Amino acid sequence: MLSVQPSDDYGPASPQQVHISVVGGEKMRVSWITEGDSEPLVKYGTSPGVYDLSSHGTSTSYRYLLYKSGQIHDVLIGPLEPSTVYYYQCGSDSTREFSFKTPPTQFPITFAIVGDLGQTGWTNSTLQHIQASNYDLLLLPGDLSYADYLQNLWDSFGRVVEPLASQRPWMVTQGNHEIEKIPVLHPESFKAYNARWRMPFEESGSESNLYYSFDVVGVHVLMLGSYAEFDLESAQYQWLQADLAKVDREKTPWVFALIHAPWYNSNTAHQGEGDQMKEAMEELLYEARVDAVFAGHVHAYERFTRVYRGKEDNCGPVHITIGDGGNREGLASKYIDPKPEISLFREASFGHGQLKVVNQTHAKWSWNRNDDNAGSESDAVWMKSLLSEEACKKTI
């Protein structure tokens, strides 16, 4: 039976593929894998090598055809202080020390956003650019490892992203490459994704790891599932309706959403694949005055104006496609001509985005092309929160 691939650098209890995610306002989930049995324990503190706090969690594993995963460990730690560096060790192996910085509780806050990441040379360039930036959290709108049924590629992906994902929270949602369903042979979808990348769905009232929400500083983030049921009778739709009803724009003046298949797209690739979800959910996001929607799937970058039902509308969200992380399938280089009026910038290059929420009313979005220097802005725009009535005047 195939299993997690051993490495000369790891012993049976050595933590690998370490990544963290925020849970509530004061806690963090630490996740990692070991090749052998290990205690689901995290020891942590605010000084290197000094761990005066500890938490226990759970361990599990999964099988996929002939593959058996290593032990997957999840541990909640906290409460944690904001804007603080913590040092930590995972399990019983004391040879590896990690550190992370908690997000702030006051503006500004910066999100790195990238989709369709994969594990290629371009992926490495993207990660280098992100690492060189001063970001607080990373948001990933689907298509993580491009394992596509080859489960050892989930393990190699975990090692590729560990240097970043162990230092800042990574909040992800699923894409089509996470489905990994094989009729008869393996009828369960999202087996590896759900086991390896557990997100805080229960805390937001969701029944599924495929969609959830969370708050950080003054931002409410919706992580939606393009490949979960989304019609008006679905659990996801009902959850989203209830979730948006609870948003207090005085406490969270910004609302962003992430999906995988874009609702607006002038690239010839994946045309119309987000239309059914848009038909079901666009009005919900519009009425809630969601500020921006970030998508992946199309392997290129595109920024639209504020839009609703296909037309420019100052009360609608900005739509941005950011599926250009570096995947092995290459770039989607063909666009519809002429360019639609609602499309303001589009380019088939690998890169990533930075969203800096400066205060309650203003945020700066920038796209960074991999071919340029790490700090270069290839496209940039200032956004005004739809919390402001002045910014939300319907166009005729």
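Two strands are taken to pair if DSSP finds at least two bridges between them. In the predicted model, strand E2 (residues 16-23) and strand E3 meet this criterion, being joined by 6 bridges in an antiparallel arrangement. Within this pair, Val22 lies opposite Met28 of E3. The two strands form a hairpin with 3 residues between them, and Gly24 in the turn adopts a positive phi of about 70 degrees.

On E3, pairing also extends to strand E9 (residues 71-77), to which E3 is linked by 7 bridges, again antiparallel; here Thr34 stands opposite Gln71 of E9. Strand E9 is in turn connected to E6 by 3 antiparallel bridges, with Ser59 facing His73 of E9.

Strand E3 (residues 27-34) is largely enclosed by the rest of the structure, because 7 of its 8 residues are buried. Elsewhere, Leu65, Leu66 and Leu185 make a nonpolar surface patch of about 330 Å². Leu65 is located in the loop between strand E7 (63-64) and strand E8 (67-68). This residue, Leu65, is classed as partly exposed because its relative accessibility is 43%, a value between the limits of 20% for buried and 50% for exposed residues.

Note on methods. Residues are numbered from 1 along each chain as its sequence is written. This is a predicted model: local features need pLDDT of at least 70, side-chain atom pairs count only at pLDDT 80 or more; totals for chains, interfaces and linings use all residues. Side-chain values use heavy atoms; hydrogens and water are left out. Patches are made of residues with over 30% relative accessible area and no salt bridge: like charges are joined within 9 Å, nonpolar side chains (Val, Leu, Ile, Met, Phe, Trp, Tyr) within 5 Å. Accessible areas come from the Shrake-Rupley method with a 1.4 Å probe; for residues, only the protein chains shown count as cover. A salt bridge is a side-chain nitrogen of Lys or Arg within 4 Å of a carboxyl oxygen of Asp or Glu. Helices (H or I, at least four residues) and strands (E, at least two) are DSSP runs, numbered from the N terminus. Buried means under 20% relative accessible area, exposed over 50%, partly exposed in between (1.4 Å probe, protein chains only).
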